[in-house]
Amino acid sequence: MIEGKQTRFSEQAFEWLCLAAIVLPLLMLVVLVGDVLITGFPRLNADFLTSYPSRKPELAGILSAGLCTLLLVALTAAIAVPIGVGAAVYLEEYNRQDRLAQFIELNIANLAGVPSIIYGLLGLEIFVRAMRMGSSLLAGAATLALLILPIVVVSAREALRTVPDSLREGAFALGASRLRVITRVVLPIALPGILTGSILAVSRAMGETAPLIVVGALTYMAFLPTGVLSPFTALPIQIFNWTSRPQEGFVIDAAAGIVVLMVALMVINGAAIALRNRTQRRDR
């Protein structure tokens, strides 16, 4: 009887611990988001979205930072997604049991856990100095592409693994080449998972700050980029710059910038879910 009561008590205590582990982070998140919304929402207006940064908090805006962030995300996706999906197809469809593929797979899994500042140092040495891109928009996008490339590869491989081998074997039995099997059978079925993983990886790059600071992103940019080799900034860097200022107005500007960044991330994540659902319905 005593052992039974102790076991029941232990199970209840473990259940309460699990519940607390779920509820407490959610409460903290609600409090933080609520504080940011209350602080920054009054500052959100057309002037804030269409103005350049300023030394006066009431005149500061996110035009240059917001546009650079959109360009960074587009360039990062254009670099990382094709390379990542191609690497996943090679590892999963061509050399699944090869030792080289296993070695590459192990290193990709390790690279996914490397701190982002290390990618910034790598981008500084390779893109900024060795390839002579300078502290440009292209160098920043290439650095972020390196950062999210392991995530794209891993998520794309998991999506490819969901395709039944029977479909591949049936296509081969009908005389299709490997390339045709991959392009006509495997990739269309794996497309929802590939899109979801890629978009979520790109959304992570959207919130990165440390690698961009290392490669030379500007903290104050009162002009728009004219090309991929132009100097650049990003919205997280602009927010970081505002939070380091002593004036109370810049704290309000930073909160408004955080709201804009959260909305953008929610739109990207929502687009990932919508694309996944749409492609799944089409396949059915």
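Mentor: Two helices, α3 (63-94) and α8 (178-206), each supply at least two residues of the lining of the largest pocket. This is a predicted model, in which local features need pLDDT of at least 70 and side-chain atom pairs count only at pLDDT 80 or more, while totals for chains, interfaces and linings use all residues. Residues are numbered from 1 along each chain as its sequence is written, and side-chain values use heavy atoms, with hydrogens and water left out. Helices (H or I, at least four residues) and strands (E, at least two) are DSSP runs, numbered from the N terminus.

A pocket is found on a 1 Å grid over the protein atoms alone, as an open set of points with protein on both sides within 12 Å along at least five of seven lines, whereas a cavity is a set of points where a 1.4 Å probe fits but cannot get out; in either case a lining residue has an atom within 4 Å of a point. Grid points are joined across faces, edges and corners, and a volume is the space filled by probe spheres set on the points.

With those terms in hand, the largest pocket has a volume of about 210 Å³. Its lining is made up of Val-73, Ala-77, Val-81, Val-85, Leu-191, Ile-194, Leu-195, Ser-198, Ile-199, Val-202 and Ile-268. The greatest share comes from α8, which gives six residues to this lining. Sorted by class, the lining has 10 nonpolar residues, one polar and no charged, where Ala, Val, Leu, Ile, Met, Phe, Trp, Tyr, Cys and Pro count as nonpolar, Asp, Glu, Lys and Arg as charged, and the others, Gly among them, as polar. As a general point, an α-helix has 3.6 residues a turn, so residues three or four places apart point the same way.

The structure holds one cavity of 30 Å³ or more, and the largest cavity has a volume of about 50 Å³. Thr-69, Leu-72, Val-73, Thr-76, Leu-144, Ala-205, Met-206, Leu-212, Ala-234 and Pro-236 line this cavity. The elements that give two or more residues to the cavity lining are α3 and α8, and here α3 gives the most, with four residues. By class, the cavity lining divides into eight nonpolar residues, two polar and no charged. Val-73 belongs to the pocket lining and also to the cavity lining.

Elsewhere in helix α8 sits Arg-204. At 32% relative accessibility, Arg-204 counts as partly exposed; buried means under 20% relative accessible area, exposed over 50%, and partly exposed in between (1.4 Å probe, protein chains only). Leaving aside residues up to four places away in sequence, Arg-204 touches Leu-147 and Ile-151, with contact meaning heavy atoms within 4.5 Å. The C-alpha atoms of Arg-204 and Ile-273, 69 residues apart along the chain, are separated by 16 Å.

Ser-116, Tyr-119, Gly-120, Gly-123, Leu-124, Phe-127 and Val-128 of α5 are buried, and what covers them includes α4 (99-111), α6 (137-161) and α9 (210-214). In the loop between α5 and α6 lies Arg-132, whose phi is near 55°, a positive value in a residue other than glycine. Arg-132 is exposed, with a relative accessible area of 74%.

Of its 284 residues, 37% are buried. Among contacts between residues at least 6 apart in sequence, 74% join residues at least 24 apart.
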